[in-house]
Each structure stands twice: as C-alpha cells, then as structure tokens.
Amino acid sequence: MRTFRRALVERNVKREPVIIRASSFGSLFDCPARWQAIYREGRRMPTSGNATLGRAVHKGTALFDGEKLAGQVPSLSAATDAAHEAVRNPGEEVDWNGEEPERFASIAESLTGRYCTLFAPTTDYAGVEVGVESLELTDLAIILSGTADRVRRTEAGLGIADLKTGKTAVTTEGKAKTQGHAAQVGVYELVAEAGMGVRMDAPAQIIGLQTNVTPDKQRIGTGEIHGAKDVLIGTDDQVGLLNTAAKLAHGDIVFGNPKSMMCHERYCPAFKTCFFRR
Ligand code: SF4
C-alpha cells in the first residue's frame with residue numbers, strides 16, 4: 001500500500017468522490033464525454049444483445065462455479081437454464097438490432113454448457129464474484145466498485161480470472177485475447193484484494209468465451225496479464241492510469257472521441273448534441 005500511495009499524484013482533493021465501476025473503466029478512457037453522460041448524468045441507452053448474452057453467460061457460469069465452491073455437486077441444467085432465462089428476461093431494455101432474442105439465448109445456453117463441462121473441471125477457485133461495494137481512494141477522490149469474476153489458486157498464489165465473451169474473444173490458436181484489458185483487470189485485482197483481504201500475487205487470467213452460433217466454434221481459451229495493477233497504480237518510474245482516471249471522472253479533463261467504436265446513436269446518449277462530433 002505504501003508503494004501505491006507513493007505512486008499517486010498528490011492532489012488536494014477535498015471534494016465529493018466519484019464512483020468508477022470496474023466494468024466502466026475501459027469506456028472512461030475510450031470516450032470520457034460519453035462516460036460522463038452515462039455514469040454521471042444518468043443518461044442511459046438500451047443495452048445490446050451481445051452485452052445481454054455476456055451477462056447471461058456470466059450468470060450461468062457463476063451459478064455453476066458457486067455451487068462447486070460451496071461443496072455441492074454443481075447442476076449443469078440449472079446453469080444453462082439460468083443463462084437462457086437471463087437473455088429471455090434481462091430486466092432492462094435491450095436493443096436487439098433486429099435479431100431474435102432466442103438466437104442469443106441459444107448461444108448463452110450452449111456456451112455456458114461448454115464452460116461447465118469442458119473448462120470448469122480444470123479450475124481451482126477460491127472465490128466466485130468477489131469484490132466490494134466501494135473502495136475509496138481518498139487521495140484521488142474516487143471510489144472503485146465492482147466484482148472480480150473469479151479468484152483462482154495458482155502456484156504463484158491467488159489471482160483473479162475475468163470472463164470475456166465476444167465473437168473475437170479467442171484467437172484461432174485458441175488463446176484468449178488479453179490486449180487492452182490490463183487496466184480493467186487491475187481494478188478487479190484491487191477490489192478482489194479488498195473483498196478477500198489478501199493479495200492477488202498471481203498473474204490475472206482472461207477466460208475468453210467465443211460467442212459463435214455454431215457450438216463447435218464456441219471456443220474457450222485463456223491468456224494471462226502480468227502486472228495489471230501496476231498499469232493502474234504506477235511504479236517508481238511511471239505514474240499509473242488511476243491518476244488520469246480521477247481527472248477524467250471529475251471532469252478536470254473533458255474530451256470526446258468521435259473515432260470510438262461506440263460513437264453511434266445506438267450506443268451514445270450524447271450523440272445528437274455532442275460538441276466533439278463535428
Ligand atoms: S457522440 Fe461520440 S464523441 Fe460524442 S460523447 Fe458520444 S461517443 Fe463520444
């Protein structure tokens with residue numbers, strides 16, 4: 001923690017802390033103006049079918065792994081049913097973009113089944129969905145919140161594992177794509193450490209789950225990220241991203257990114273009035 005504090009830029013930040021959800025960390029850096037519109041002004045957009053599919057797979061697999069961690073015989077059918085149901089009844093508005101929800105439900109069910117039968121037997125978890133409601137970093141006047149999908153046991157100690165779904169989540173060589181995930185995964189390491197009260201010394205693991213329609217092509221692969229926390233909190237030689245994140249979240253730095261993949265009226269609530277999209 002001393003290293004962490006030393007790495008932070010000293011700032012007089014006697015102001016209301018801003019909450020940054022771990023899952024929103026990437027979008028904060030992708031387009032800060034869009035992040036402000038969604039997370040500070042509360043201007044929500046309907047979620048997408050792919051995001052709903054991802055949440056459904058998270059739900060089904062967490063149910064399975066949670067039962068296993070509790071010493072029960074995990075139920076495959078309960079896990080796949082939960083994934084299917086999470087798509088059919090997402091509990092929020094979804095823009096299916098003209099596609100049938102059943103198509104997403106079918107992929108969620110099938111991919112959850114493949115995870116439970118092919119991947120879960122290879123795991124050794126110490127925690128499922130571990131985190132904290134709020135981890136306040138008073139120096140920066142920000143609060144991190146969120147949960148790590150899994151905490152795994154390895155020879156190097158405990159480490160977090162993060163499930164990523166997507167059409168390109170796994171390469172043709174069977175490896176999970178890890179590039180660009182370090183900052184977000186670093187947040188998960190911090191909240192998992194706060195939640196469990198122990199250090200995450202092992203490299204973070206990305207578990208990629210490919211959301212292909214064809215079950216044979218629903219590949220599952222892994223990849224590791226070393227030093228994810230360093231990217232966030234910095235080192236003796238390099239200031240970490242949390243300093244910039246605090247400035248962006250507080251609106252000390254404001255800019256929009258019209259080149260963002262999310263710069264579209266379907267995804268951005270500020271699209272029609274955006275100053276930066278000229
Ligand atoms: S319209 Fe584009 S540039 Fe403007 S806030 Fe939205 S994503 Fe960012």
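Is Cys116 buried or exposed? In this predicted model, where local features need pLDDT of at least 70, side-chain atom pairs count only at pLDDT 80 or more, and totals for chains, interfaces and linings use all residues, numbering runs from 1 along each chain as its sequence is written. Side-chain values use heavy atoms, with hydrogens and water left out. Cys116 turns out to be buried, because its relative accessible area is 3% (buried is under 20%, exposed over 50%, partly exposed in between, with a 1.4 Å probe and protein chains only). Cys268 counts as buried too, at 10% relative accessibility.

Cys268 also belongs to the shell around the ligand, along with Cys31, Ala33, Arg34, Gly256, Asn257, Pro258, Cys263, Phe271, Cys274 and Arg277 (a heavy atom within 4 Å). Sorted by class, that shell holds seven nonpolar, two polar and two charged residues; here Cys, Ala, Pro and Phe go with the nonpolar set, Arg with the charged, and Gly with the polar. As for disulfides (cysteine sulfur pairs within 2.5 Å), the count is zero.

On to the domains, whose bounds come from an automatic or database assignment: domain 1 covers 44-122, domain 2 covers 125-233 and domain 3 covers 236-278.
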